[in-house]
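Reader: I would like to go through this model feature by feature. Please give the general idea each time, and then the case at hand.

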Amino acid sequence: MDKPPERYDAHLTDFKGIAYIEGIDRYQDLYTRSIEDVEGFWAEQAREYLSWEKEWDSVLHYDFEAGNVEWFRGAVLNASFNCLDRHLGKGDNRVAYYWEGDDPAESRQVTFRELYRQVNRFAGVLKSRGVRKGDRVVIYLPMIVELPVAMLACARIGAVHCVVFSGFGSEYLTDRIRDSRARTVVTADGSSRGGSIIRLKENVDHAVQRCPDVDTVIVFDRCGLKPALDGRREIWWHEAVAQPSIPDHVAPEPMEAEDPLFLLYTSSSTGRPLGLVHTHGGYLLYAAMTTHLSFDLKPHETFWSTPDVGWITGHTYGVYGPLLNGLTSVLFEGVPRYPDFDRYWSIVAKYRVNKFYTAPTVIRLLAQHGTENVTKHDTSSLKLLGSVGQPIDPEAWMWYHQYPGRGVCPIIDTWWQTESGGHMITPLPGVAAIKPGSCSFPFMGVDPVLIDPDTGDEVRFPNQEGALFIRKPWPGMARTAFEDHERFRETYFARFPGLFFTGDAAKRDEDGYYWITGRIDEVINVSGYRMGPAEVEAALVLHPQVTESAVVGFPHRLKGQGIYAFVTLAAGSSKSDKIRKELIDLVRTKIGPIATPEAIQWADGLPKTRSGKVLRQLLQKIAAGNFDNLGDTSIISEPAIIENLIRERMGIDAS
């Protein structure tokens, strides 16, 4: 396949006269104002994108050294009202979601009026079970319409939703119920995924046994598994919403702009999940604005963001962003390979999707299975393609552009994080030439700076790599970690006081384009999803024959990074495929399939400093097969360990 061009600018003609932001001069004017006139610029955007019950007393207060940020102080609004109520009367019958089941025979469409009705009824159910403003509700559902219904119902009554990806196992679920101190869990009997049934209720049962404070479990009947429910604590969704006492309308709870909207847990290098808090005012504004401008979405267009709602991409670009803008979206329960590798493109053709957003991992997977899966479907409705999770590599860029994009669709390669709430650095259609592999320029209000982590000096030369920091607040950023602000401050603001630390490394070229080059911390980026090594290590050492483990990321052709585990067994244990399989099964059970190690290497010992610290960077190089550049090994307490690890690594096919 041909290499991508160094610059792609055909979209400048295609979007001429129709782009919301047209041309580099217009972008620079808006961007400069967003940085220099914070009060004026963001007040204008807030009035344009959201409906407020009461406007703000001031736009922004912040102290980055303390990690304190406050947007729209004194303002009052409600997320559910902004997503639903305000569209009624002018867009009642507009489709909010085209839902496509895992089984191609299952599909439905839900209008804004129908979604409004379902959200109000479920909000009434939550209130009837004693859920009140500020209470946390854990949602553990597959990609069905009831997932955004549950989220918006929580928002309507002021409860704080915490969505847990349905691919995670009971241990992950338990940790998040405990940490959030949720008393209510919303789930389904099961999930249909790739033609298989996953028994979600069983995972909830295991979790709730260890979370005695949970007093309500609401179960949606998705798969007809008919598990027995504890009538005291557990209720069926369909029976609850059908109760005559449940009202058809629940008044939206007035929420201050800085009141929490949701918790979303992200992995950290320490292994303890970090419950990031996003708020009503700033997050909603940023979600609405980035959805609107990054994809140049028009009112009549259909948008499909494929990532699961259990991740931040699903929150911002699968639920809140499109609904705030009154747009039509696709919600897909299944996987791109089932029943065949043409599934995504059959859905694009079926619903005439105009703007499409997915991850490089998916693109690489589908590209492996040829072009016919794409070309046999009519993808002519597509006008723009988006990429999320990791920088897109040249081969994936070309395949994505040439086949689904028919050689005419620009690729919007976005960089952002769970912490940021929305796009931070991204191309904008019609603004400037795209450089494949680069995330281009900062979004409005984002003020990036590259810092040499050793000297603390700003990187000033083109193409010189540095740690990526942000100088000023932007509305969509997380405000704190749930009930642990000091940990939030230490994680994001202590590295260089006065700057927000992203954890990523980047470079800026001579034209001002940004290129993300990887993670600085130890978090592993698997298919765009962040996994803390300590979480996987904790699962591995639960095996009775494992005494120690170390987990690192390594290059993976499809996923970007895979999980590579070094495992030390107890004396007398056999290094067998049987134990290797048991370890993989253990990780899949405790965490979920996404955390499955791609390779497990037996290690008689791990390289450590004399103080006992495991040298992960050295292990990363060994996992990658980069034996010629191991760096300074003089600090290792037992140098012979390295030779043994290299010898073992050379006998493993980990690609």
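Author: We can begin with R121, which counts as buried at 16% relative accessibility. Buried means under 20% relative accessible area, exposed over 50%, and partly exposed in between, with a 1.4 Å probe and protein chains only. This is a predicted model, in which local features need pLDDT of at least 70 and side-chain atom pairs count only at pLDDT 80 or more, while totals for chains, interfaces and linings use all residues. Residues are numbered from 1 along each chain as its sequence is written, and side-chain values use heavy atoms, with hydrogens and water left out.

Reader: Which side chain meets that of R121 in a salt bridge?

Author: A salt bridge is a side-chain nitrogen of Lys or Arg within 4 Å of a carboxyl oxygen of Asp or Glu. The partner of R121 is D248, at 3.1 Å from N to O. The pair links distant parts of the chain, 127 residues apart: R121 is in helix α5 (residues 112-128), and D248 is in the loop between α9 (237-241) and β13 (255-256). D248 is exposed, with a relative accessible area of 53%. Helices (H or I, at least four residues) and strands (E, at least two) are DSSP runs, numbered from the N terminus.

Reader: How many salt bridges does the structure hold?

Author: The structure holds 42. Two of them can be read along a helix. An α-helix has 3.6 residues a turn, so residues three or four places apart point the same way. In helix α18 (residues 577-590), D577 and R580 lie three residues apart, about one turn, and their side chains meet at 3.1 Å, N to O. K581 and D585 are four residues apart in α18, again about one helical turn, with their closest N and O atoms 2.8 Å apart. K581 is exposed at 52%, whereas D585 is partly exposed at 33%.

Reader: Which residues of helix α20 are buried?

Author: In α20 (residues 640-649) they are I641, I642, L645, I646 and R649. These residues are on the same side of α20 because they cover an arc of only 130° around the axis, the arc being that of the directions from the helix axis to the C-beta atoms. The face turned away from this buried side carries the exposed residues E643 and R647. The buried residues pack against β29 (560-569), β30 (599-602) and α19 (616-623).

Reader: Which residues have the most contacts inside the largest nonpolar core?

Author: A nonpolar core is a set of buried Ala, Val, Leu, Ile, Met, Phe, Trp, Tyr and Cys residues joined through side-chain atoms within 4.5 Å. The largest has 201 residues, and those with the most contacts inside it are W42, F72, L115, Y320 and M444. Its largest share, nine residues, comes from helix α6 (residues 146-157). Another core, of 19 residues, lies apart from it and includes F566, A599, L615 and I641.

Reader: How many residues of strand β22 are buried?

Author: Five of the five residues in β22 (residues 466-470) are buried. Two strands pair if DSSP finds at least two bridges between them. β22 pairs with β21 (residues 448-451) in the antiparallel sense over four bridges, and I470 is the bridge partner of P448. Four bridges also join β22 to β24 (residues 500-508), again antiparallel, with F469 opposite F501.

Conventions. Contact means heavy atoms within 4.5 Å.
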